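Here are my notes on this one, as numbered points. Have the coordinates open while you read.

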Amino acid sequence: MGNIMDLPAMESKNQTLMRLENVSRNFVMGEVIVEALRDVTLEINAGEILAILGPSGSGKSTLLNIVGGMDRPSTGRVIYEGEDLTRVSDDLLGRFRRHEVGFVFQFYNLIPDLTAWENVEITAELVESPSSVAKVLEEVGLADRAYHFPSQLSGGEQQRVSIARAMVKNPRLLLCDEPTGALDHQTGSMVLSLLANVSRSLGSAVVIVTHNTVIGDMADRVIRMRSGKVAEIITNPDPLPPERISW
Amino acid sequence: MAVALVVMIGVSIYISMNTAYYNLDHSRDVFYRENHFADYYFHVVRAPYQVIKRIEALSGVDMVTGRVQMDVPLMRENADRGTIRLTGYHLPLDKEVNRIQLLSGRMFDKDPSGGRIEVLTDPQFAAANRLNPGDSLVVAAQGREVTLTVTGTAGGPEFIYPMKDAASLMPEPESFGIIMAPLNQVQQVLGYPGQVNQVLITVAPGYDEEKVAEQVEKILEPYGNLASYPRKDQLSHAMLDAELEGLQKSASSLPAVFLVLAAVIQYVMLGRMIKTQRREIGILKALGFDRRRIVMHYAGYSMMITLLGAVLGIIFGIMLSSVFSKAYAIFFNLPQEIGGLNVKAIFYGLIFSLAAGAAAGLGASRGILSLNPAESMRSEPPRVSGRIGLERWTWLWRKLDNYWRMSIRTVWRNGWRSFFTMVGVMFAAGMLIIAFFADDSMDYMLTQHFAFEKSYDYLIRFTEPVKEYEILNISRLEGVVKSEPLLEVPVRVSFGVREEDDLLLGMNPGTTLKTVFNEDGDLLAIPQDGVLMNDMTAKKLGVKVGDQVTIETRMQSGVSQETSLKVLGINHQMIGSGSYVSLKQANQVLRESRIVTAVMLKVDPGKAADIEKELNRMTGVSSIQSRQRELEGFEKQMGYMIYFVVIMVSFAVILGFAIVYNSSVIGFSERQRELALLKMMGFSDREVGGLLLRETLLQSIPGMLLGLPFGRMMSQWWVAAISTEAFTFPVVVYPRTYIVSAIFGVLFVLVAHWFASRGIRHIEPTELLKNND
C-alpha cells in the first residue's frame, strides 16, 4: 500500500464531530410500532475508529443511517458542527452527505456501468477539493486495475474501490456497514488496514457497524447495542493493528 | 395506464375505421342496388328516343335508360354565375337506370299547371344556396332564360359525390348542383325534342360487360359517339371507391402499429416485474405451485391492462365512428344514414388486442419459469458491464463526462429495450408528419396551381364555339388588362389498341395567362404543331415523347374528325387535366378556322365587379370561373382537415408519451439501487433526474430523427394507397413541418420523462443498507 501521508490536513483527534442527544427512532409496521432506537446519546470524535457492535435487530444500521444523514430520528437531536441536523431541509441534509460523509457498504455498491476510475472520479466531482483519483487508487493498491469494470474485479478489489471512492472526497465521517462481511479473512484484514489508515491520515472519524466482535479490538471505542439501546460504551486504550486481529 | 391508452387508441382506430368502412360500403351497395346504378354510360351527340328499344333488345342488356343531360349556366341576381347539370328523368322512375330518391319536398310533376317546369335539386346545392320548395332558379339555355321551380331535393347513385368534372378537387355546392326534371321538359328546354344525348345500361348477369358495350356502341355509332365508359370511371363512383380503398388500407395497418407497440411495452414491463419478483416466484415454485398457475398470474396482469384499454377503445371507437359518419355525410350524398354499430369490428378489435396482450404476457413469463426454485430464490446475479464499440473512438469518448458515459453504456447494454423505445418514438414522430403533411401538400398544390399554372382572373366559357374576333367584345370591356383565347375540344386519344378520353386545350404559343409545366416543374412552350400530352392520359396509353397518337374529336355538334399528332412533351398539372396544342392546331383538328370556346382575362381589380356584371348579362356566356372564388372555395373545404390533424396529433403524442414514459419507468425501476446510491452519495434529485434524462434522450432523439423521413415515407405510402387514376396529389413536407414535428416530439419526451421521474424524490437511500441476502 502506498503512503497516504500527503492527504489533506488532519483533524485533531478527540475533537467532537457529531453528538447524538436522546435520539430515538420508531417505525410503524402496520399496527405495530417498532422502536429501532431508544434514547441513544453518544459522541463521535475526529480521527477515532468507532465500532458499533450488536446482534441483528439491535439498531446498528438505524443508528448508522441517522449518523450518515440518510434518516431523521423520531425524537432527539443530532448536532454536527453546531448545526442540529434534525431541523435542516432535505437539501441541506443532501449537502451534508455530499461534502462530509463517505460510505462503505458490505456489498460494495459500485456503479456497474463505470470503471473503477470512473466510480471514484464521479464522486470526486461532487466536492470542491477532492483528492487525486490516481493517488487514492494507488493508495488502495488498484492503480493497475483502474480501467476495469466492477464485474471484472474480485470482491476485495471492489471493496477497495469502494473505499477509494469514499476517501477521494476527504470525508470527515467515514461510515462502514459490515465492510468485511462479504470477504475472506485475508482480504478483510487488508480492508480494515485501509480503513485504519484513513482514520490516521485524514483524521476522519471511521464508524464501523458490524456483528463481528473481533473488529472491536482495533477500535478506539466500542459501542454495544442491544434492543435499540446503547448497552455500553467501552474505550480501548490499546487498539490492535488490523493485521493482528483474526476471525 | 399509459399502455392501456395505447391499446385504447389501437382498438378505437380499428373499430371506428372498420365501422366507417362497413357502413359506407354497405350504404353504397344498397343505394346502388335499389336505384339501378348503371354499369355502362354512353354519350352521343343526339339520338332518337326509339334507339332505346333496339338497345333493350340486346340479350346482354338488363335495363336501359335514355336521357338528356347538359351543363347550363345558372343566372343569379348577385351576378354570380353558377353551373347546373340539368338531367331529364322519365316517369315513372321504377324502371329507370340511375333513378333518383326523393329526400325532401315532393316529386316534380310531369305536366304541372301553368306551364311551369318543376325540378328537384341535390341537397347540398339546396343547402348552400338556401333553396326551399317553391323557390325559383333561372338558367340560360338555347340563348334564352328559363325559370325552374324547386319542389324538393333528391339523391341518386351517380350523385353521391357531386363534382363538376375531374378537374375539380372537391364539390362546390354553392356554384354547381344537379337539377332533376321531367325528361320531356328537359328535352324541350335544351332543344332535344324526342331525342336523347345519353344512354345508360345495366348488364345482365353472366354477360361480358365490354362485349355488351361494343354492341351498344355499334347501335349508337350513327348518332355521334362522344364517349363511353364503365361504372368504375364514373366520377362520383370513382371518388367513393378511392375513399373506401384508402379507408380499408388505413383500417388494417394503423391499428396494428398501436397494438404491436402496446404488446412490446407490456412484454418489456412484465419481464422487468417478473425479474424483480424472482424470489417470490422461487418460493411459490418451492411450495409446489405449478408453472401454469404462475404464468396465468403474470399473464393476467397483461390481460387486465389490455382489457381496460380495449374497453376504453370500444367506447371511444364507437364515438369516433359517429364523428367519421358525420364527416362522410357532409361529403357523400347518401340518403341512407351512414351510421350504426359494427359488432364484428368490435368483436375482432377485442380479440386482436387481447391476443396481443396474451402474447406479451406469456412471452415475458417464459424465461423465469425455466429456472429451478433454488436458483430463483437467489438474488439476481450482478449486472455485467464492459466496454462498448463507441469507446474505441477515444477522441470522442474522452470528451464525455461520466454521466454521459454511464448513460451511453446503459442504453447500449439494454439493446432491445432501447431499440423498441427508438422504434416507438419513430412511429410517433412519423405520425406527426402524417398529421401535418396533407396541409403542406394541399398548400403546395394550390400555390402551384393558382399562382403559377393559372394567372388569369377569369375564365369565360361560351355556350357554343365563336369566332376569335368575337371575343373583342369582351377584351374591350373597361378594366380588362389582357385577354387570351382558348379552344377546348373533347377528344378520344388512341395509341395502338388503347384509347382514352381527354380534353384538348388550344392556346396561342406565348400565352401567359395559363402556363404548362412538366413533372419536373420545367416550363413547356406550346408547340405550333404536335401535342403536350397530359401525364395521366400518357400513362394509361403507354405513350412517350416522340410517339404518334390518333385524335378523334367528340364535340356536341358537328362531325367527328380524326387527326394524327406527334407527342412533343408530357405535361403535369396539380389540379385538372388536359393536353395542350396551339390554337391553330386545335382548329386544324376540328377542320375549323379561328374558333374559340373560351377566353382568359386579366383585369384591373378595381373594375372586376363591373366586368362580372357585364359578362353576366351576356347570354352567350355559359360560365364565368373566377380564380379567386375557386381558391377561396378550396381553402374553405381544407378547413375540415383540422379535425384530421387534431386527431392524428393527439394519437401521435399519446403513443410517444406512452413509449417514453414506460421506458423511463422501466429504467427507473431497474436502477433504483443505483439511484439510491447516488442520492446517498449526495447527488441532488435534479442531478439524478438528469442522468435518467440522458438515457431517455439517447433512446428518443435517434427515434425522432428517423421518424421525420419515416413519416414522409408513410405519407407517400398513404397517398399511393388513396390515389386513383383520376386523382392524386404530391407528398410535400415543408421544412417548418419537420421543425414543428420535432418540437412536438421533444415536448412529449420531456413531459413523459418528467412524469416517470417524479419517483426520484421518494427514493430512500436507507434501502441501500439492507443486505442483499
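1. Starting with the interface: 26 residues of chain A are in contact with 22 residues of chain B, contact being C-beta atoms, placed from the backbone, within 7 Å of each other. On the chain A side, the elements giving two or more residues are α1 (60-67), α2 (90-100) and α3 (116-124) of chain A. Helices here are DSSP runs of H or I with at least four residues, strands are runs of E with at least two, and both are numbered from the N terminus. That side of chain A divides into 11 nonpolar, seven polar and eight charged residues. For the classes, Ala, Val, Leu, Ile, Met, Phe, Trp, Tyr, Cys and Pro count as nonpolar, Asp, Glu, Lys and Arg as charged, and the others, Gly among them, as polar.

2. A word on provenance before going further. This is a predicted model, with local features needing pLDDT of at least 70 and side-chain atom pairs counting only at pLDDT 80 or more, while totals for chains, interfaces and linings use all residues. Residues are numbered from 1 along each chain as its sequence is written, and chains are lettered from A and ligands numbered from 1 in the order in which they are written.

3. Now chain B, which has an open sheet of four strands in the order β2-β10-β1-β11, with antiparallel pairing; strands pair if DSSP finds at least two bridges between them. At the edges sit β2 (61-67) and β11 (225-230) of chain B, each pairing on one side only. On average, neighbouring strands of this sheet are turned by 25° against each other, direction ignored. Inside the sheet, β1 (residues 40-48) and β10 (residues 195-203) of chain B run antiparallel and are joined by six bridges, with B:A47 opposite B:V196.

4. Helix α5 (residues 209-220) of chain B packs on that sheet and touches β1, β2, β10 and β11 of chain B. The direction of α5 makes about 10° with that of β1(B); axes are lines fitted to C-alpha atoms, for helices over the stretch in contact, and angles run from 0 to 180 degrees between N-to-C directions.

5. Do take a look at α6 (residues 235-276) of chain B. Its 42 residues should span 62 Å at 1.5 Å a residue, and the end C-alpha atoms are 62 Å apart, which agrees; the expected span is 1.5 Å times one less than the number of residues. Even so, α6(B) bends by about 25° at B:S250, taken as the angle between axes fitted to the seven residues ending there and the seven starting there.

6. In chain A, β3 (residues 49-53) and β9 (residues 221-226) pair in the parallel sense over four bridges, and A:L53 has A:R224 as its bridge partner. Strand β9(A) is also joined to β10 (residues 229-235) of chain A, antiparallel, by six bridges, with A:R221 opposite A:T235.

7. A:S227 is partly exposed, with 14 other C-beta atoms within 10 Å (buried is 20 or more, exposed 12 or fewer, partly exposed in between, with C-beta atoms placed from the backbone). Finally, a cis peptide bond joins B:L91 and B:P92, with omega about -5°; B:P92 lies in the loop between β4 (82-89) and β5 (101-105) of chain B.

Note on methods. Two residues are in contact if their C-beta atoms, placed from the backbone, lie within 7 Å.
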